[in-house]
Amino acid sequence: MSQKDPGRAICNLFVARYRLRGVNDLLLRALNEQPVERVPVWIMRQAGRYLPEYRAVREKVDFLTLCRTPELAAEVTLQPVRILDVDAAILFSDIMVPLLPAVPGMTYAPGPQLPRAITSPDGLKPPEAVKEVGFVCDAIRILRRELDVPLIGFGGAPGTLATYLAEGGSAKHFAGLRLLMNRDPGQAHALLEWLEQITLLYLKMQVEAGAQVIQIFDSWGGELSRSDFDEFMAPGLQRIIAALKTDGVPVIFFARGPLRDVGATAYSVDWTVDLAAARARGPVQGNFDPAILFADPATVADKARAMVAPLARTGYVANLGHGILPETPVECAQAFVRAVQETPCL
Ligand code: CP3
(Lines give C-alpha, C1' and ligand atoms only; values in the text may rest on other atoms or scores of the structure.)
Protein backbone atom coordinates (compact mmCIF):
# COMPACT_ATOMS: atom_id res chain seq x y z
CA MET A 1 0.00 0.00 0.00
CA SER A 2 1.49 3.33 -1.04
CA GLN A 3 1.33 6.26 1.34
CA LYS A 4 1.15 8.49 -1.74
CA ASP A 5 -2.19 7.01 -2.71
CA PRO A 6 -4.70 7.92 -0.01
CA GLY A 7 -7.65 6.67 -2.07
CA ARG A 8 -6.12 3.22 -2.20
CA ALA A 9 -5.28 3.29 1.48
CA ILE A 10 -8.86 4.10 2.39
CA CYS A 11 -10.09 1.36 0.09
CA ASN A 12 -7.78 -1.22 1.69
CA LEU A 13 -8.81 -0.08 5.11
CA PHE A 14 -12.41 -0.68 4.14
CA VAL A 15 -11.65 -4.18 2.84
CA ALA A 16 -9.77 -4.99 6.05
CA ARG A 17 -12.68 -3.77 8.17
CA TYR A 18 -15.11 -5.76 6.08
CA ARG A 19 -12.97 -8.90 6.50
CA LEU A 20 -12.64 -8.24 10.20
CA ARG A 21 -16.39 -7.98 10.57
CA GLY A 22 -16.89 -10.87 8.23
CA VAL A 23 -20.20 -11.52 6.51
CA ASN A 24 -22.34 -14.03 8.34
CA ASP A 25 -24.28 -15.94 5.69
CA LEU A 26 -25.15 -18.99 7.84
CA LEU A 27 -28.90 -18.47 7.33
CA LEU A 28 -28.59 -18.42 3.54
CA ARG A 29 -26.40 -21.53 3.55
CA ALA A 30 -28.70 -23.43 5.93
CA LEU A 31 -31.75 -22.66 3.75
CA ASN A 32 -29.84 -23.79 0.64
CA GLU A 33 -28.65 -26.95 2.45
CA GLN A 34 -25.00 -25.99 1.99
CA PRO A 35 -22.50 -26.90 4.76
CA VAL A 36 -22.57 -24.78 7.94
CA GLU A 37 -20.19 -24.68 10.95
CA ARG A 38 -23.10 -24.13 13.32
CA VAL A 39 -26.88 -23.72 13.26
CA PRO A 40 -28.05 -20.14 12.54
CA VAL A 41 -30.51 -18.67 15.03
CA TRP A 42 -32.88 -15.69 15.12
CA ILE A 43 -36.10 -14.99 17.01
CA MET A 44 -39.52 -14.27 15.56
CA ARG A 45 -40.65 -10.78 16.67
CA GLN A 46 -37.08 -10.17 17.92
CA ALA A 47 -37.58 -6.39 17.75
CA GLY A 48 -40.28 -5.51 20.24
CA ARG A 49 -41.55 -4.59 23.65
CA TYR A 50 -39.43 -7.07 25.66
CA LEU A 51 -36.40 -4.84 24.79
CA PRO A 52 -36.03 -1.68 26.95
CA GLU A 53 -34.29 -0.04 23.96
CA TYR A 54 -37.43 -0.64 21.83
CA ARG A 55 -39.71 0.73 24.56
CA ALA A 56 -37.53 3.86 24.74
CA VAL A 57 -38.12 4.53 21.02
CA ARG A 58 -41.84 3.77 21.38
CA GLU A 59 -42.15 6.31 24.19
CA LYS A 60 -41.30 8.97 21.61
CA VAL A 61 -43.33 7.77 18.59
CA ASP A 62 -46.45 5.72 17.98
CA PHE A 63 -46.20 2.33 16.28
CA LEU A 64 -47.24 3.45 12.80
CA THR A 65 -44.88 6.44 12.81
CA LEU A 66 -42.12 4.00 13.74
CA CYS A 67 -43.01 1.76 10.78
CA ARG A 68 -43.28 4.75 8.40
CA THR A 69 -39.94 6.38 9.33
CA PRO A 70 -37.14 4.43 7.60
CA GLU A 71 -34.34 5.59 9.96
CA LEU A 72 -36.35 4.59 13.06
CA ALA A 73 -37.53 1.29 11.55
CA ALA A 74 -33.90 0.50 10.66
CA GLU A 75 -32.74 1.42 14.17
CA VAL A 76 -35.19 -0.93 15.92
CA THR A 77 -34.41 -3.67 13.38
CA LEU A 78 -30.75 -3.41 14.42
CA GLN A 79 -31.44 -3.46 18.19
CA PRO A 80 -31.82 -7.25 18.58
CA VAL A 81 -28.91 -7.88 16.19
CA ARG A 82 -26.67 -5.93 18.58
CA ILE A 83 -28.27 -7.03 21.86
CA LEU A 84 -28.84 -10.72 21.12
CA ASP A 85 -26.14 -11.25 18.45
CA VAL A 86 -28.61 -13.19 16.27
CA ASP A 87 -27.63 -14.53 12.82
CA ALA A 88 -30.34 -12.65 10.88
CA ALA A 89 -32.24 -9.38 10.97
CA ILE A 90 -35.95 -9.10 10.20
CA LEU A 91 -37.25 -5.83 8.83
CA PHE A 92 -39.24 -3.91 11.43
CA SER A 93 -42.78 -3.43 10.14
CA ASP A 94 -46.10 -5.25 10.50
CA ILE A 95 -48.10 -7.64 8.36
CA MET A 96 -50.91 -5.03 8.01
CA VAL A 97 -48.61 -2.26 6.69
CA PRO A 98 -49.14 -3.09 2.95
CA LEU A 99 -52.88 -2.54 3.55
CA LEU A 100 -52.46 1.03 4.84
CA PRO A 101 -53.10 2.65 1.41
CA ALA A 102 -56.30 0.65 0.90
CA VAL A 103 -57.61 0.86 4.47
CA PRO A 104 -57.38 4.47 5.66
CA GLY A 105 -57.81 5.00 9.37
CA MET A 106 -56.08 1.82 10.56
CA THR A 107 -54.51 2.24 14.00
CA TYR A 108 -52.70 -0.01 16.53
CA ALA A 109 -53.75 -0.62 20.14
CA PRO A 110 -51.47 -2.66 20.36
CA GLY A 111 -52.88 -4.93 17.61
CA PRO A 112 -54.34 -3.57 14.34
CA GLN A 113 -57.71 -1.78 14.61
CA LEU A 114 -59.73 -0.99 11.47
CA PRO A 115 -62.55 1.58 11.18
CA ARG A 116 -64.80 -1.25 9.95
CA ALA A 117 -64.70 -4.92 9.03
CA ILE A 118 -63.79 -5.56 5.36
CA THR A 119 -65.14 -8.61 3.54
CA SER A 120 -64.82 -7.47 -0.09
CA PRO A 121 -62.28 -5.58 -2.20
CA ASP A 122 -65.14 -3.68 -3.91
CA GLY A 123 -64.61 0.06 -3.64
CA LEU A 124 -61.06 -0.30 -2.27
CA LYS A 125 -57.91 0.80 -4.07
CA PRO A 126 -56.39 -1.61 -6.63
CA PRO A 127 -53.45 -3.82 -5.49
CA GLU A 128 -50.92 -1.45 -7.16
CA ALA A 129 -51.64 1.11 -4.38
CA VAL A 130 -49.25 -0.93 -2.23
CA LYS A 131 -46.45 0.95 -3.99
CA GLU A 132 -47.32 3.90 -1.69
CA VAL A 133 -45.56 2.12 1.20
CA GLY A 134 -42.10 2.74 -0.31
CA PHE A 135 -40.83 3.72 3.16
CA VAL A 136 -40.39 -0.02 3.74
CA CYS A 137 -37.93 -0.17 0.83
CA ASP A 138 -36.05 2.85 2.16
CA ALA A 139 -35.61 1.07 5.52
CA ILE A 140 -34.35 -2.04 3.69
CA ARG A 141 -31.77 0.00 1.77
CA ILE A 142 -30.46 1.59 4.99
CA LEU A 143 -30.28 -1.82 6.65
CA ARG A 144 -28.35 -3.48 3.84
CA ARG A 145 -25.63 -0.86 4.30
CA GLU A 146 -25.48 -1.45 8.06
CA LEU A 147 -25.90 -5.21 8.41
CA ASP A 148 -23.37 -8.01 8.36
CA VAL A 149 -26.09 -10.70 8.72
CA PRO A 150 -28.80 -11.50 6.14
CA LEU A 151 -31.92 -9.34 6.08
CA ILE A 152 -35.31 -11.09 6.11
CA GLY A 153 -38.26 -9.29 4.51
CA PHE A 154 -41.77 -10.46 5.33
CA GLY A 155 -45.47 -10.32 4.69
CA GLY A 156 -48.64 -11.88 6.02
CA ALA A 157 -50.31 -14.74 4.16
CA PRO A 158 -53.45 -13.55 2.35
CA GLY A 159 -55.55 -15.75 4.64
CA THR A 160 -54.10 -14.23 7.81
CA LEU A 161 -54.51 -10.69 6.42
CA ALA A 162 -58.12 -11.54 5.49
CA THR A 163 -58.67 -12.81 9.03
CA TYR A 164 -57.85 -9.36 10.47
CA LEU A 165 -59.83 -7.56 7.72
CA ALA A 166 -62.95 -9.67 8.21
CA GLU A 167 -62.73 -9.09 11.95
CA GLY A 168 -62.04 -5.34 11.73
CA GLY A 169 -58.75 -5.89 13.57
CA SER A 170 -57.55 -8.00 16.48
CA ALA A 171 -60.36 -9.95 18.10
CA LYS A 172 -60.86 -12.62 20.74
CA HIS A 173 -62.36 -15.19 18.39
CA PHE A 174 -61.33 -15.12 14.75
CA ALA A 175 -64.39 -16.69 13.13
CA GLY A 176 -65.14 -13.82 10.70
CA LEU A 177 -63.26 -15.19 7.70
CA ARG A 178 -64.55 -18.74 8.24
CA LEU A 179 -68.09 -17.40 8.35
CA LEU A 180 -67.49 -15.50 5.07
CA MET A 181 -66.00 -18.61 3.42
CA ASN A 182 -69.24 -20.45 4.14
CA ARG A 183 -71.75 -17.65 3.69
CA ASP A 184 -70.29 -16.32 0.43
CA PRO A 185 -67.37 -18.40 -0.93
CA GLY A 186 -67.16 -16.29 -4.10
CA GLN A 187 -66.63 -13.10 -2.11
CA ALA A 188 -64.07 -14.83 0.13
CA HIS A 189 -62.14 -15.88 -2.99
CA ALA A 190 -62.31 -12.31 -4.38
CA LEU A 191 -60.97 -10.86 -1.12
CA LEU A 192 -58.17 -13.44 -0.98
CA GLU A 193 -57.18 -12.87 -4.63
CA TRP A 194 -56.96 -9.10 -4.04
CA LEU A 195 -54.74 -9.76 -1.01
CA GLU A 196 -52.65 -12.23 -3.02
CA GLN A 197 -51.84 -9.55 -5.60
CA ILE A 198 -50.99 -7.00 -2.90
CA THR A 199 -48.78 -9.51 -1.10
CA LEU A 200 -46.85 -10.53 -4.19
CA LEU A 201 -46.25 -6.91 -5.27
CA TYR A 202 -45.23 -6.01 -1.71
CA LEU A 203 -42.79 -8.89 -1.30
CA LYS A 204 -41.24 -8.25 -4.73
CA MET A 205 -40.73 -4.58 -3.73
CA GLN A 206 -38.82 -5.78 -0.67
CA VAL A 207 -36.66 -8.17 -2.70
CA GLU A 208 -35.85 -5.45 -5.23
CA ALA A 209 -34.81 -3.14 -2.37
CA GLY A 210 -32.45 -5.81 -0.96
CA ALA A 211 -34.31 -8.30 1.26
CA GLN A 212 -32.33 -11.57 0.99
CA VAL A 213 -34.91 -13.99 2.42
CA ILE A 214 -38.70 -13.71 2.64
CA GLN A 215 -40.78 -15.09 5.47
CA ILE A 216 -44.54 -15.41 5.05
CA PHE A 217 -46.48 -15.35 8.33
CA ASP A 218 -49.65 -17.41 8.26
CA SER A 219 -50.51 -17.13 11.93
CA TRP A 220 -54.14 -18.18 11.43
CA GLY A 221 -53.83 -20.77 8.61
CA GLY A 222 -53.64 -23.60 11.12
CA GLU A 223 -57.18 -22.76 12.28
CA LEU A 224 -58.67 -23.97 9.01
CA SER A 225 -59.73 -27.48 8.11
CA ARG A 226 -57.46 -29.26 5.64
CA SER A 227 -60.07 -28.98 2.88
CA ASP A 228 -60.72 -25.25 3.46
CA PHE A 229 -56.97 -24.57 3.50
CA ASP A 230 -56.51 -26.53 0.27
CA GLU A 231 -59.41 -24.79 -1.45
CA PHE A 232 -59.05 -21.18 -0.27
CA MET A 233 -55.43 -20.70 0.81
CA ALA A 234 -52.99 -23.15 -0.78
CA PRO A 235 -53.29 -22.09 -4.47
CA GLY A 236 -52.59 -18.39 -3.76
CA LEU A 237 -49.71 -19.18 -1.41
CA GLN A 238 -48.22 -21.53 -4.00
CA ARG A 239 -48.40 -18.81 -6.69
CA ILE A 240 -46.76 -16.18 -4.44
CA ILE A 241 -44.00 -18.53 -3.30
CA ALA A 242 -43.27 -19.90 -6.79
CA ALA A 243 -42.94 -16.34 -8.15
CA LEU A 244 -40.48 -15.35 -5.40
CA LYS A 245 -38.45 -18.53 -5.82
CA THR A 246 -38.20 -17.87 -9.56
CA ASP A 247 -36.49 -14.60 -8.59
CA GLY A 248 -33.97 -16.67 -6.60
CA VAL A 249 -35.15 -15.74 -3.09
CA PRO A 250 -35.52 -18.42 -0.40
CA VAL A 251 -39.00 -18.37 1.17
CA ILE A 252 -39.77 -19.50 4.73
CA PHE A 253 -43.42 -20.30 5.40
CA PHE A 254 -44.53 -19.88 9.01
CA ALA A 255 -47.79 -21.32 10.27
CA ARG A 256 -49.16 -22.44 13.60
CA GLY A 257 -50.14 -26.10 13.86
CA PRO A 258 -49.89 -28.72 11.11
CA LEU A 259 -47.20 -28.41 8.41
CA ARG A 260 -48.91 -27.85 5.06
CA ASP A 261 -46.94 -28.00 1.82
CA VAL A 262 -47.11 -24.77 -0.21
CA GLY A 263 -43.84 -25.13 -2.14
CA ALA A 264 -41.70 -23.10 0.32
CA THR A 265 -37.90 -23.40 0.68
CA ALA A 266 -38.31 -24.03 4.42
CA TYR A 267 -41.14 -24.40 6.93
CA SER A 268 -41.22 -22.64 10.29
CA VAL A 269 -43.11 -24.91 12.68
CA ASP A 270 -44.42 -24.47 16.21
CA TRP A 271 -43.78 -26.64 19.28
CA THR A 272 -46.75 -28.92 18.60
CA VAL A 273 -44.96 -30.25 15.49
CA ASP A 274 -42.27 -32.96 15.67
CA LEU A 275 -39.10 -31.18 14.53
CA ALA A 276 -37.22 -34.29 13.34
CA ALA A 277 -40.21 -35.44 11.27
CA ALA A 278 -40.55 -31.95 9.76
CA ARG A 279 -36.80 -31.87 8.97
CA ALA A 280 -37.10 -35.21 7.19
CA ARG A 281 -39.35 -33.45 4.64
CA GLY A 282 -36.91 -30.58 3.94
CA PRO A 283 -35.29 -27.48 5.51
CA VAL A 284 -37.03 -26.47 8.71
CA GLN A 285 -37.10 -23.60 11.23
CA GLY A 286 -38.32 -23.55 14.81
CA ASN A 287 -39.70 -24.57 17.24
CA PHE A 288 -38.79 -23.56 20.81
CA ASP A 289 -41.84 -22.79 22.93
CA PRO A 290 -41.60 -19.03 23.74
CA ALA A 291 -42.90 -19.88 27.24
CA ILE A 292 -39.60 -21.70 28.01
CA LEU A 293 -37.90 -18.27 27.96
CA PHE A 294 -39.65 -17.64 31.30
CA ALA A 295 -37.51 -20.32 33.00
CA ASP A 296 -34.08 -19.42 34.43
CA PRO A 297 -31.28 -18.83 31.85
CA ALA A 298 -29.49 -22.14 32.67
CA THR A 299 -32.69 -24.14 32.03
CA VAL A 300 -33.31 -22.18 28.83
CA ALA A 301 -29.79 -23.05 27.64
CA ASP A 302 -30.21 -26.76 28.52
CA LYS A 303 -33.50 -26.98 26.64
CA ALA A 304 -32.10 -25.07 23.65
CA ARG A 305 -29.15 -27.48 23.42
CA ALA A 306 -31.53 -30.44 23.68
CA MET A 307 -33.57 -29.05 20.77
CA VAL A 308 -30.61 -28.24 18.51
CA ALA A 309 -28.21 -31.15 19.12
CA PRO A 310 -30.15 -33.84 17.20
CA LEU A 311 -30.56 -31.47 14.21
CA ALA A 312 -27.17 -29.74 14.29
CA ARG A 313 -26.37 -29.80 10.58
CA THR A 314 -27.39 -27.77 7.54
CA GLY A 315 -31.06 -27.40 6.63
CA TYR A 316 -32.02 -26.31 10.13
CA VAL A 317 -32.60 -22.76 11.47
CA ALA A 318 -33.16 -22.44 15.21
CA ASN A 319 -36.00 -20.12 16.25
CA LEU A 320 -39.04 -20.00 18.49
CA GLY A 321 -42.26 -21.71 17.44
CA HIS A 322 -44.08 -18.33 17.50
CA GLY A 323 -43.22 -14.72 18.39
CA ILE A 324 -41.34 -13.83 21.56
CA LEU A 325 -43.70 -12.62 24.30
CA PRO A 326 -43.52 -8.98 25.49
CA GLU A 327 -42.71 -9.92 29.12
CA THR A 328 -39.72 -12.15 28.20
CA PRO A 329 -36.52 -11.46 30.21
CA VAL A 330 -33.80 -10.29 27.80
CA GLU A 331 -31.16 -12.48 29.48
CA CYS A 332 -33.24 -15.57 28.67
CA ALA A 333 -33.45 -14.61 24.98
CA GLN A 334 -29.66 -14.13 25.07
CA ALA A 335 -29.18 -17.52 26.78
CA PHE A 336 -31.26 -19.18 24.04
CA VAL A 337 -29.22 -17.61 21.21
CA ARG A 338 -25.86 -18.34 22.85
CA ALA A 339 -26.72 -21.98 23.60
CA VAL A 340 -27.66 -22.58 19.95
CA GLN A 341 -24.51 -20.85 18.71
CA GLU A 342 -22.29 -22.93 21.02
CA THR A 343 -23.71 -26.24 19.80
CA PRO A 344 -21.28 -27.65 17.22
CA CYS A 345 -22.52 -29.10 13.95
CA LEU A 346 -22.14 -32.80 13.19
O1 CP3 B 1 -38.77 -8.22 14.97
C2 CP3 B 1 -39.87 -8.39 14.45
O3 CP3 B 1 -40.27 -9.49 14.05
C4 CP3 B 1 -40.75 -7.16 14.36
C5 CP3 B 1 -41.56 -7.04 13.13
C6 CP3 B 1 -42.96 -7.62 13.26
C7 CP3 B 1 -44.06 -7.02 13.97
N8 CP3 B 1 -45.18 -7.74 13.69
C9 CP3 B 1 -43.97 -5.81 14.81
C10 CP3 B 1 -45.05 -5.52 15.78
C11 CP3 B 1 -43.45 -8.76 12.62
C12 CP3 B 1 -42.69 -9.78 11.78
C13 CP3 B 1 -44.86 -8.82 12.90
C14 CP3 B 1 -45.72 -9.85 12.35
C15 CP3 B 1 -47.13 -9.90 12.75
N16 CP3 B 1 -47.96 -8.86 13.06
C17 CP3 B 1 -47.90 -11.10 12.77
C18 CP3 B 1 -47.39 -12.48 12.39
C19 CP3 B 1 -46.57 -13.11 13.46
C20 CP3 B 1 -47.33 -13.57 14.68
O21 CP3 B 1 -46.90 -13.15 15.76
O22 CP3 B 1 -48.29 -14.32 14.57
C23 CP3 B 1 -49.20 -10.75 13.15
C24 CP3 B 1 -50.35 -11.70 13.32
C25 CP3 B 1 -49.25 -9.34 13.33
C26 CP3 B 1 -50.41 -8.48 13.66
C27 CP3 B 1 -50.17 -7.73 14.92
N28 CP3 B 1 -49.36 -6.62 15.03
C29 CP3 B 1 -50.69 -8.00 16.20
C30 CP3 B 1 -51.65 -9.13 16.51
C31 CP3 B 1 -50.17 -7.05 17.07
C32 CP3 B 1 -50.50 -6.89 18.55
C33 CP3 B 1 -50.01 -8.00 19.37
C34 CP3 B 1 -48.58 -7.84 19.75
O35 CP3 B 1 -47.79 -8.72 19.41
O36 CP3 B 1 -48.27 -6.86 20.39
C37 CP3 B 1 -49.31 -6.20 16.33
C38 CP3 B 1 -48.55 -5.05 16.83
C39 CP3 B 1 -47.06 -5.14 16.69
N40 CP3 B 1 -46.40 -5.58 15.58
C41 CP3 B 1 -46.11 -4.79 17.69
C42 CP3 B 1 -44.84 -5.02 17.13
C43 CP3 B 1 -43.50 -4.76 17.76
C44 CP3 B 1 -46.41 -4.18 19.06
C45 CP3 B 1 -46.82 -2.78 18.85
C46 CP3 B 1 -46.28 -1.81 19.83
O47 CP3 B 1 -45.05 -1.51 19.84
O48 CP3 B 1 -47.10 -1.27 20.57
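A cavity is a set of grid points where a 1.4 Å probe fits but cannot get out, and its lining residues have an atom within 4 Å of a point. In this predicted model, one such lining, that of the second largest cavity, is formed by F253, A255, G257, P258, L259, R260, Y267, S268 and V269. The structure also holds a ligand, and the space taken by that ligand is the largest pocket. The points below treat the ligand, the pocket, the cavities and the backbone in turn.

**The ligand and its surroundings**

- The ligand is surrounded by 23 residues, and the closest of them are R45, R49, Y54, S219 and H322.
- In the side chain of Y54, an N or O atom lies 2.5 Å from an oxygen atom of the ligand.
- For R45, the distance between a side-chain N or O atom and an oxygen atom of the ligand is 2.7 Å.
- H322 places a polar side-chain atom 2.7 Å from an oxygen atom of the ligand.
- The ligand taken alone exposes 870 Å², of which the protein buries 90%.
- The shell around the ligand consists of 13 nonpolar, six polar and four charged residues.

**The largest pocket**

- The largest pocket, which is the space taken by the ligand, contains about 1200 Å³ of space.
- Its lining comprises 38 residues, and those nearest the centre of the pocket are R45, R49, D94, G323 and I324.
- Sorted by class, the lining of the largest pocket has 23 nonpolar, eight polar and seven charged residues.

**The largest cavity**

- The model has two cavities of 30 Å³ or more.
- The largest cavity holds about 100 Å³ of space.
- Its lining is made of G159, T160, T163, F174, L177, R178, D218, W220, G221, E223, L224 and M233.
- Two or more of these lining residues come from each of helix 7 (158–167) and helix 8 (176–183).
- Helix 7 makes the greatest contribution to the lining of the largest cavity, with three residues.
- By class, this lining includes five nonpolar, four polar and three charged residues.

**The second largest cavity**

- The volume of the second largest cavity is about 50 Å³.
- Among the residues that line the second largest cavity are F253, G257 and Y267.
- Strand 6 (251–255) and strand 7 (266–269) are the elements that give two or more residues to the lining of the second largest cavity.
- Strand 7 supplies the largest share of the lining of the second largest cavity, namely three residues.
- The class counts for the second largest cavity are six nonpolar, two polar and one charged.

**Backbone features**

- Most peptide bonds are trans, and most residues other than glycine have a negative phi.
- The peptide bond from A109 to P110 is cis, with omega near -15°.
- P110 is located in the loop between strand 2 (107–108) and strand 3 (112–113).
- Another cis peptide bond joins G286 to N287, with an omega of about -15°.
- N287 belongs to strand 8 (residues 284–288).
- E33, although not a glycine, has a positive phi of about 60°.
- The position of E33 is in the loop between helix 2 (26–31) and helix 3 (52–60).

How values were computed
Residues are numbered from 1 along each chain as its sequence is written. This is a predicted model: local features need pLDDT of at least 70, side-chain atom pairs count only at pLDDT 80 or more; totals for chains, interfaces and linings use all residues. Side-chain values use heavy atoms; hydrogens and water are left out. A residue is near a molecule or strand if one of its heavy atoms lies within 4 Å of it. A polar contact is a pair of N or O atoms within 3.5 Å; within protein, one must be able to donate a hydrogen and the other to accept it, and residues adjacent in sequence count only if both atoms are side-chain atoms. Accessible areas come from the Shrake-Rupley method with a 1.4 Å probe; for residues, only the protein chains shown count as cover. On a 1 Å grid over the protein atoms alone, a cavity is a set of points where a 1.4 Å probe fits but cannot get out, and a pocket is an open set with protein on both sides within 12 Å along at least five of seven lines; lining residues have an atom within 4 Å of a point. A molecule sits in a cavity or pocket if more than half of its atoms lie within 2 Å of its grid points. Ala, Val, Leu, Ile, Met, Phe, Trp, Tyr, Cys and Pro count as nonpolar, Asp, Glu, Lys and Arg as charged, and the others, Gly among them, as polar. Grid points are joined across faces, edges and corners, and a volume is the space filled by probe spheres set on the points. Helices (H or I, at least four residues) and strands (E, at least two) are DSSP runs, numbered from the N terminus.
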